[in-house]
Amino acid sequence: MTDQPLRHEKYTHGHAPATLQQHAQRTADEAAAFLLPHLRPGMRLLDVGCGPGSITRGLAERLAPGQVVGIDLSKEALDGARHDAAARGLANLQYEEGSVYRLRFADALFDVVYAHQVLQHLHERGSALREMLRVVRPGGLVAVRDVDWGTAAYWPRDPWIDRFVEVHHQTWYRNGGEPQMGRQLRSLFNASDVVDVRITAAAWCYTTPADTAAWGEAYADRLLTSPMGERPVEYGFATRAEIESMAAAFRAWGSHPDATWMFVHVEALGRKAA
Ligand SMILES: C[S@@+](CC[C@H](N)C(=O)[O-])C[C@H]1O[C@@H](n2cnc3c(N)ncnc32)[C@H](O)[C@@H]1O
């Protein structure tokens, strides 16, 4: 396996500032709530595809003095994560560039391996999970959370937002990923060397003026300034004018007093078979 992205695999969201800023709002309290009750200080954890590190940092704070390592393919994302860890003086947290397909760690080195919103972007999800399991000790935890874009529900309807959801799916599949990964996690775990599998789900809901404005603005910015809007044009799935209409629709939707958005994020937790 290569430590570069697979040739037919492209990270749908990209690492434009608008995307990294949105991801950096995430917290361990929310994104790892299904895992936190099983964590104890001193455990060693690997966060795969850690992005800007706001979740990784929260995990490191809980596990200290246990070592926490975040890995990601993106140097830009890791620069921000390292800066944040240094500013907080987190001595038990380190970041490394690398791919989930070929981790540089010895077998069974970690007590826990975690991946938040990553498997959905991979083409070889079974290989990725196998490699994650390789570096966990027998009996150690594997925890994964992925969105299911097939559950996106919003109001009031707008034909340009409907069109966005359709084009986003098309582009995501063309990039080699799986936008409806959430519903497939149980099957992925059942097919691997994991026992005690527990599947749960949480909904992300945006139903206050501040939340819907932030979500609408963020998606508008991402459509206009990141691969989320560039790749559909490159692939011939939408024109630039259509992308601009989708962005305008997200902005208008975000400030509508009835605006409501929700989708489901599925959580899979298990233990590496002894
Ligand atoms: C949606 S972001 C999630 C970031 C972070 N886990 C979070 O939830 O905020 C997906 C991350 O996976 C990374 N990624 C994609 N393919 C990867 C691979 N093969 N190996 C490691 N990281 C990868 C991307 O660079 C990106 O930072």
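**Polar contacts, salt bridges and the ligand site**

The side chains of Glu131 and Arg134 are joined by a polar contact of 2.9 Å (a pair of N or O atoms within 3.5 Å; within protein, one must be able to donate a hydrogen and the other to accept it, and residues adjacent in sequence count only if both atoms are side-chain atoms). The model is predicted, so local features need pLDDT of at least 70 and side-chain atom pairs count only at pLDDT 80 or more, whereas totals for chains, interfaces and linings use all residues. Residues are numbered from 1 along each chain as its sequence is written, and side-chain values use heavy atoms, with hydrogens and water left out.

Glu131 is placed in helix α5, residues 125–134 (helices are DSSP runs of H or I with at least four residues, strands are runs of E with at least two, and both are numbered from the N terminus). With a relative accessibility of 12%, Glu131 counts as buried (buried means under 20% relative accessible area, exposed over 50%, and partly exposed in between, with a 1.4 Å probe and protein chains only). Apart from neighbours within four places in sequence, Glu131 is in contact with Val100, Tyr101, Arg102 and Leu103 (heavy atoms within 4.5 Å).

Arg134 also forms a salt bridge with Asp107, with 2.7 Å between the closest N and O atoms (a side-chain nitrogen of Lys or Arg within 4 Å of a carboxyl oxygen of Asp or Glu). Because Arg134 lies in helix α5 and Asp107 in the loop between β3 (93–97) and β4 (110–116), this pair ties together parts that are 27 residues apart in sequence. Arg134 is partly exposed at 24% relative accessibility, while Asp107 is exposed at 54%.

In the whole structure, 17 salt bridges are found. One of them links the side chains of Arg88 and Asp84 at 2.9 Å, N to O; Arg88 is partly exposed at 43% and Asp84 is buried at 16%.

Around the ligand there are 21 residues, of which His15, Arg26, Gly49, Asp72 and His116 come nearest (a residue is near if one of its heavy atoms lies within 4 Å). Oxygen atoms of the ligand are found 2.8 Å from a side-chain N or O atom of Arg26 and 2.6 Å from one of Asp72. A nitrogen atom of the ligand lies 3.0 Å from a backbone N or O atom of Val100.
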